[in-house]
Structures are given as C-alpha cells and as structure tokens.
Amino acid sequence: MKKYFRFEELGTNYRNEIIGGLTTFLAMAYILVVNPMTLSLETVEGLPDFMYMDKGSVFTATAIAAAIGSILMGVLAKYPIALAPGMGLNAFFAYTVVLEFGIPWQVALTGVFVAGVIFILLSLSGIRETIINAIPAELKFAVGAGIGLFITFVGLQNSKILVSNPNVIVGLGDLTDPNVLLTIFGLVVTVVMMVKGIKGGIFYGMLITAVVGMIFSLVPIPKAIVGHVPSMAPTFGAALEPIFNDPSSLLTAQFLIVVLTFLFVNFFDTAGTLISVANQAGLMKEGKLPRAGKALLADAIATTAGAVAGTSTTTSYVESTAGVAAGARSGFAAVVTGVLLLLSLFFFPLLSVVTSYVTAPALIVVGVLMVSSLGNIEWTKFEIAVPAFFVIIAMPLTYSIATGIAIGFIFYPITMAVAGRIKEVHPIMYGLWVIFLGYFIFL
C-alpha cells in the first residue's frame, strides 16, 4: 500500500493521510446536506409534484457519487483530491434547468449523463485539455466568480434575508424574524471560524447553527441519529429513461444548452481545482500536472455514475486544500475521504435538523470563496473587463448561470476584435459564439 501510493517519495505516512482525508471530509461534508435540499427544490413552494426530486434518494446518490469519485481519484490518479456534486452546478440544475427552463428533472439528469459520457471520451482522447486551453483565462475566472455570486444570492433568498420587493425587485427581509436571525447567527459563526482558519469551518458552522436552532425551537429535534440508508429507487436510472422512452425530448436547443453548460462549467471546476490542490501539495512537475488524464477520467466516471444514481455533476472539490494543509499528499487521503462518505449514508435522520436557514450560511460563505478569482482578471483592459463583468453580473441578476455564460461569451470576440486583438481569440471561441447566440435566438 505504501509503495503504491508512493509514501516514501512524497514524505508522508498513514497518520498524515488519514488526518488529511478526515479533514477534507469535514470541510466538504456540507454538500451531503446542501445538495439534497438544492436538487429537491425544497425551499420553492407551489411547484407541481413531478418537479420535486426525492430528498432521501438524492442524499444517497450524493454520498455514493462522491465516494466513487474520491476513491477513483485516489486509486487511479493518486491525488489527495476528493470529489462530490458541485456547488453551482447543482444550482444550475435545480434553478435554471428545472425551475426556469421547465425541463423535467429526469431529462436534466440525462443531460448530466450525456455530459459525463462526453467527458469520458474527451478525457481518453486528450481533447478535454485542448478545449480548456482554448477558453481565455479571464472568462474562466469570471465564470467561477459569477457562480459564487449566484450561490450567495440563493443563500440570501432561501434564508429570507433578501425578499421580493415590488418597488425595487429585491429588498431586505424582516431582520427581526427568529429564523432570519438564526441564519445571521450561523453566518457570523461560520465567518469567524473561517477567518480563524479552523478546518471544516463551514461544516461546524452548520452544526452549531442547527444546535442553537433546536435550543430555541426553530429547528426540529431529530428522532434518531443512525437509521436505514434511504432508497435510491425514486432517482436511480431515471437519467436513462428519456433516452429509451422519449428520445425526441432530447432533440431541443434547451437540452443542448444544458449539456454544454454542464460540460463547460465542470471543465473549469475540475481543471482549476486539480491545479490549485496539486500546486499546494507540491505535486506539479515543471508547471505540468502528472497523470492529468487519469484525474480527468476519474472525474468523468464519477459524473456519469452520479447521474445514473440521481444527482447533478460530480466534480473535484477545492476543499481538498484543507486536507493537504493537514498533511495529505497521496491518493490514500482521497480513499479515506471516500470511505467516510460511504459511512455517512447511515446518518440520514440528522438531515431533518438542517433547514434552509441552517444551510444558507454555507451557501453564502461558499460564494465568498468562489469570487476570489476576481483578482485574476485584468480589469484595466476594457475588452477583457466587459465580457468578464457581464458573465459575473448576469448570473445572479437573471437567476441563470447559462445566461451569464452566454452573454459574456458573445461579447468576448466582439470586444477583442474591436481592440485589434482578434488573432488572440481561439477558433473554438467563435464556435461557442455561434452556439450561445443561438441560445438567445431559440430560447
């Protein structure tokens, strides 16, 4: 085992790897709660029953997809990087694809599945790296920041800190409401722990908020801690149903946009995370990432398996940096995280204490982490600033990740051409320009 994971070469041991894997698990454990709540659209009232995904089934699918991805990453690529359904991608799935587009969640899962299969083919062929390199860095950073703002907006809305206002569209909610105060308390606690550098601060923040909510009767007390693993029957295999039963439902411009968006966003989620974590762990070789193909393949297989199980796109988690900071250097740490994710399946009863007011601080803080990429954009160059800004601002204001990406990608070739930098635009960007222009024409 030590030889396979190259412990001696990396200067690590079982203790460091186990502690690192545990730290990564604690840092990302919030997804086991937030993802089921997001995909089930639990906080949205008045929708037809067929639009709601089963929360228990999504919980099980989330844990299994994350475990498969993390273990594959550890065994195949030997990196201390964990995977799970991505924040931002799950918001796009629920709030844009299902809620805005009105696409059934089964078809949305098919979109994730198709994207996963394409990921596998692109990863095996090496094309995936080529496409990633074709997108300008500024737009990659803008997409991450825009999704961060979108997630924060969702958290503020779910907690009713922000509410609908007929005069100014969005306004401040009732800050004297006990539930709103609970969210504010949770936000303060989480921020304090993150500033102090406490590993797993987001997870602990949710835990403390839930306990305080139970003390003040704002959160229901769970009837049990350990229980049966929720059945995946409501979602398992649903991604394949449209392919065999109604393939015509997939021949639409909307479905194409869904697949392309899952492809695009996960491209940069994974690439950015792999580079940042590997660099922190000292695993980069001459500026390149060894075994990048295997890492991308692990991500692609996890996405496909997750879609069949019943969850949105699975991607590499930047919270893995917490595990690296705690000593993780090899893929054994990712395997440890994967095993812990499987064990978490037996603690589903605890989800009853995690209401939208408890999870909102996590969403808001994750948004803060994601907008850190703003500093990498050349704001002094107007031809870069305009498309990047439109990507970022359009996502929360239109309540659509796809719309934000489309607007920014349409403006980029235009501003670059006017600035006399047309030769710097990769041909692939013109193909994307046509695709996203069609997005507005047909939708």
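## Hairpin E2–E3

A hairpin joins E2 to E3 through three residues. Strand E2 spans residues 162–165 and strand E3 residues 169–172; the two run antiparallel and are joined by four bridges. Strands count as paired if DSSP finds at least two bridges between them. Ser164 stands opposite Val170 in E3.

Strands (E, at least two residues) and helices (H or I, at least four) are DSSP runs, numbered from the N terminus.

## Basis of the model

This is a predicted model: local features need pLDDT of at least 70, side-chain atom pairs count only at pLDDT 80 or more, and totals for chains, interfaces and linings use all residues. Residues are numbered from 1 along each chain as its sequence is written, and side-chain values use heavy atoms, with hydrogens and water left out.

H3 is mostly covered, with nine of its nine residues buried (under 20% relative accessible area; exposed is over 50%, partly exposed in between; 1.4 Å probe, protein chains only). Among them are Ile31, Val34, Asn35 and Thr38. Leu41 follows H3 and has a positive phi, near 55°.

Asp49 is found in the loop between helix H3 (31–39) and helix H4 (55–77). Asp49 counts as exposed because its relative accessibility is 69%. Its C-alpha atom is separated by 32 Å from that of Ile202, 153 residues apart along the chain.

## Nonpolar cores

The largest nonpolar core has 105 residues. A core is a set of buried Ala, Val, Leu, Ile, Met, Phe, Trp, Tyr and Cys residues joined through side-chain atoms within 4.5 Å. Met87, Phe93, Tyr95, Ile405 and Phe409 have the most contacts inside the largest core. A second, separate core of 17 residues includes Tyr79, Ile81, Leu274 and Val324.

Leaving aside neighbours within four places in sequence, Phe409 is in contact (heavy atoms within 4.5 Å) with Ile135, Leu139, Phe264, Met429, Leu432, Trp433 and Phe436.

## Second largest pocket

About 540 Å³ of space lies in the second largest pocket. Of its 23 lining residues, Val33, Phe203, Leu207, Phe347 and Leu350 are the closest to its centre. A pocket is an open set of points on a 1 Å grid over the protein atoms alone where a 1.4 Å probe fits, with protein on both sides within 12 Å along at least five of seven lines; lining residues have an atom within 4 Å of a point. The volume is the space filled by probe spheres set on the points, which are joined across faces, edges and corners.

H10 (201–215) supplies at least two lining residues, as do H2 (14–28), H3 and H15 (331–343). The largest share, six residues, comes from H10.
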